[in-house]
Every structure is written in C-alpha cells, then in structure tokens.
Amino acid sequence: MSALTFELKGKPGQRLDLSPLTPARLKDLKPKDIEALAIGTTRVALTVGDLFKVKGEDASALRFVGTDARCDKIGAALTEGEIVVEGDAGAYLGAAMKNGKIEVKGSAGDLAGASMSGGSIAIAGDAGERACGVFVGDTLGMKGGLLTIGGNAGPLLGERMRRGFVIVGGNAGDYVGGRMIAGTILLKSKVGRFAGYGLRRGTLIFMEEPKELLPTFGDCGVLEFDYLRLLEHWLRETGRPIALGGRARRLMGDMAALGKGEMLILA
Amino acid sequence: MSELKIKGVTIVETFAEAFPMVGTRIIITAPSLEWALIAARTMTGFATSVIACGAEAGIERNLTPDETLDGRPGVAVLLFTMDTEKLQRQLRNRVGQCVLTSPGSACFAGLKAEKSLKLGASLRFFGDGWQVSKKVDGRRFWRIPVMDGEFVCEEKTGYTKKAVGGGNFLVLGKSHAAVLAACERAVKAIDEVPEVITPFPGGIVRSGSKVGSKYKGQIASTNDAYCPTLKAAVKTALPLDVEAVMEIVIDGLTKESIAKAMRAGIHAVAEGGATQGVTHVTAGNYGGNLGPHHFHLKEIIA
C-alpha cells in the first residue's frame, strides 16, 4: 500500500489547521470523508478536498507534498504512525504529540514540537521561534521525545522544557533553554545571547563555546563525564553519529533560578 | 556405579538436584577492564553460598567497549538469592558499597525483563540532592556527584524468577593435583557459557555439604560420604584409591544454561582426565525430594 498523500494544489488563501490529518483519525475514514474534513481557520469554509489532491490508501504513513509555511499543526497531537512532509511546515508542527514520527524535508514555523511528550520530529531545515516551547493552554514545554533541527533554530528554543532531547545542527537564537525545567539540548553550532536564562535543571551541551555566558552561571572547570559517552553511544546507535568525547567544562546555573541546571561546553 | 564412560572417566548414572532462585544481571564499566574487574570482584566477593553470604554472585564475562552503553570496557555480573526481597537488598548493598565506591565506575542494567529491581533508584540518595536524572532512549540514568566526577547508574535492572541455583557435579580422582587441574579446566570451559556463574573460590568447592548435622543448630555439615579420610568409618561413596573430590557448583539465569554449563564442564574434566588420574564424575542430590530441577548426567553429556 502506498502512503496516503496530500498534495497541495495551490497557495492557500488562509492559514490551515491540519491537525485532523493524523493516522489515528484517518485510518477508518473513506476517501470521500477525508476530503470533507474542515481545515480552514477563517469564516471562509475550507475542506481537505478544496486544497489537496488526495492519493494513496495507507493511513498509517501520511505524506504531505508541496506544503508551505501556512500549513499549521501538521501532526499535532499525533499518537501513532508516520508523517513525511515534502515541503515546509507551518506553526505547531507536532505540537502536543505523544508518539509517532514526523519528518520535514523543508523548514518548520514557530512552536514546532511545543509541549510534545513523546515520539520524534526531524526537521531538515530551520525551525521558527519557541521550538519545543509551550503549546497554547499548557504550562510546560516539551515533556519527552526527540526533536532534531538540521538548520537554525529561532529564539527561546526549549522554553519551559521539562524532559526530552533536542539537537540543533545549525545556529540557535537568543534565550536557548530559557526557563527550562529539565531535559537536554545539544547545540552543534553558535547560539545567541542569554543561553540558559532562568534554567532550573536540565543540560545544554555546546559543541562550540557560546560568545556570551550569563553571569549567573558558576564555573566547575573541565571534567570527565561518562554521561556524554552514554549520549554519544546512543546517538551513534540511532544513526546520528556525533562525536562528543568525554570531557567538558561544566557551568552550573541559572543561579538566579534554582541553579541545578548545567551547561556542558565540550573540551 | 555404572559403566558409562567418557575417555576413560566413569560418569556415574545419577543426577544433580537444583533449586529455583531469583537472579539479576548488571553491567559494570570503568576506564579500563582492570578497574571494571576490580569493582566486579569486590561486588561479588563473599558471595559463594546463600547459606551464610546472603547471595551467590560472580562474573559472567568481560565486555568489550562496543558492547557497553558508554563505550568503555565492562564486566557482566550475575547475582542470585532465594527471594526477590533479598535480591533487592543484596543488590543495593553490594553496588552501593563496592561499585559506587570504585574509581571511574558506572553501573547499568544487564537484564531486560518485565519486573525490575531498584538500582540507581535507591543509590541516587547518596547524591544528597545534587543527583541528576537523565532519560536516554527511554531508560533513566542517575548522575550522582562523587569525588572523582560522577557515578552514572541506571535507575533499575530486570530480574528473573526462573533462575536456577545449585547445578553441580563432583570430580573424583586418584590425586589432589589431578582433580584440581581437571576442575580448573571445567571452570574455564564453563566461563565460555553465557548466563552462568560458578560462585565458589575459583569456581571450585572442596567442602561439599550434606543437610543437617549431629549438632543442634548446625543446618549443614561435611559430606562424609565423599570425605576420603573417612572411608573406613562411614557409608562411603568413594573407591579406596580416590584421594580427593571437588565439586563445581553452577548458578544460571535459566535451566538450559545450567545444562549447557554442566555439559561443557564434564567434557573438559574428561579431556585427558583419565591419564592424569581422574576416575569418576558424579553429582550431588538429596534424593530428588528437595529441588524441582534434576539434571541427569547421562542426559547432560548425551
């Protein structure tokens, strides 16, 4: 069976809410019913059939083709299955998802993976602001799972994050890990200002030393961390070979908050 | 005694009687294999018999860096007791006193099972509030600050109630040296078998016991039927020319692994044994009424 494919026919005239298009919701629907699902966000009613050419039948693996930055909430509240986006994704990509897998070949908008609690999202391009941040109506950011961003991440990456793992291949904006409660963010390149602002617990791993460090972080010097070896092994086993080594400079903070968090700057 | 022989060594037609145990496996890693072994040997010290040690434990095998979770050399350790509560207590005490304390060590789960024992879940309190919990690949690890950096310890490890303790065989021979050499060969062969340990010193026990004693309160006493110095006084099981008897006791995570280990051990004993003076291989049992697992030597070596 081929993946159930949604091909965007033309530029949407309004932002779209694609949250109804998840494997769990679509698995028992007939093609006619799928095309009748409402995805509009304004008073102009809009259905799947109005904007997408629907092909294929395997609802456990969805494919979006030609989507752009107005296609919001792709894979939001996902509980199972796989979604591949051949194009860009709008805001709230995989927000509040619990399980499953999302792969975006382009870039994603704001709040990608917001308050997600499980599963994995891989964005090949950039992510907007507040990736893994707080979903509307929630009090915590990401609560579990894995998000990888191949390109750059916007500001406030991992805001109020509680658990989970984030990898950023490119640069990250200001306030990375802002008000983070726990969890881990691995930053392979540059970061903006105020990294770790309000960090309570949790780990920010920097492969490149940040230009500016908050004065509310205390230095513990360069040390051995078996934890980094554990991470490196896991990353390699899951097809993401990233050399971390075992040594890092540890800074504890944010001392203006609880102060049990850490920055590990690889040595 | 019957006439079943391997390479001149008589295999007595009897059976080893073994008991159900609860068992677990943990993985200890360290900066070098030497230090992983030091931690493992310390943790499995004084763990020959549940009679007075509280647990039976041993090193199952060494692990190469690509077999461990943190890419360092490691050692797989097996620990057995008679019930789950004791296993939990022994695990906590032994890892807490012998692995946590060992320089550069880390400790991971070694058994996947539905039910689990606390590992880092109780040792984390040593961190006095500075311990850090990290979830990697759905498994929780504790990073406990210690004087040489951090002790990384997995939250829990699985255990099995299908473990078997007391798989055994006895080696009889015309000289002490021959029996010892044969038993050393057997222990070496058993080392290659997965899921088993030989908990006694060097894998060999020379003081096999029988149940009960003439003294009140002594629950086990010397197995006089196999003591060569008592041949004339007791109902001996030994021919006149047998000078020494040694026993190999095997604990394993499964019944099958014990059978494999006994087979490997007995064949290693027989290999060149007769020319050196090994005469018989037999096994210890209590008439078959005490333990549910019976390993008949005839079937084992077949």
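Visitor: Which residue stands opposite A:I102 in β8(A)?

Guide: That is A:I121. One thing to keep in mind as we go: this is a predicted model.

Visitor: Noted. How many bridges join β7 to β8 in chain A, and do the strands run parallel or antiparallel?

Guide: Four bridges join β7 (residues 101-104) to β8 (residues 120-123), and the two strands run parallel.

Visitor: Let me zoom out. How many helices and strands are there in chain A?

Guide: Chain A has four helices and 15 strands.

Visitor: What about its radius of gyration?

Guide: It is 19 Å for chain A, which agrees with a compact globule, because 267 residues packed that way would give a value near 18 Å. The C-alpha trace spans about 65 × 40 × 25 Å along its principal axes, and 51% of the residues of chain A count as buried.

Visitor: New topic: how many residues of chain A are in contact with chain B?

Guide: 13 residues of chain A, which meet 14 residues of chain B. On the chain A side, β13 (218-224) and α4 (226-237) each supply at least two residues.

Visitor: Which element gives the most?

Guide: α4(A), with eight residues. By class, the side of chain A that touches chain B has six nonpolar, five charged and two polar residues.

How values were computed:
Residues are numbered from 1 along each chain as its sequence is written. Chains are lettered from A and ligands numbered from 1 in the order in which they are written. This is a predicted model: local features need pLDDT of at least 70, side-chain atom pairs count only at pLDDT 80 or more; totals for chains, interfaces and linings use all residues. Two residues are in contact if their C-beta atoms, placed from the backbone, lie within 7 Å. Ala, Val, Leu, Ile, Met, Phe, Trp, Tyr, Cys and Pro count as nonpolar, Asp, Glu, Lys and Arg as charged, and the others, Gly among them, as polar. Two strands pair if DSSP finds at least two bridges between them. The radius of gyration is taken over C-alpha atoms; the globule rule is 2.2 Å times the number of residues to the power 0.38. A residue is buried if 20 or more other C-beta atoms lie within 10 Å of its own, exposed if 12 or fewer, and partly exposed in between; C-beta atoms are placed from the backbone.
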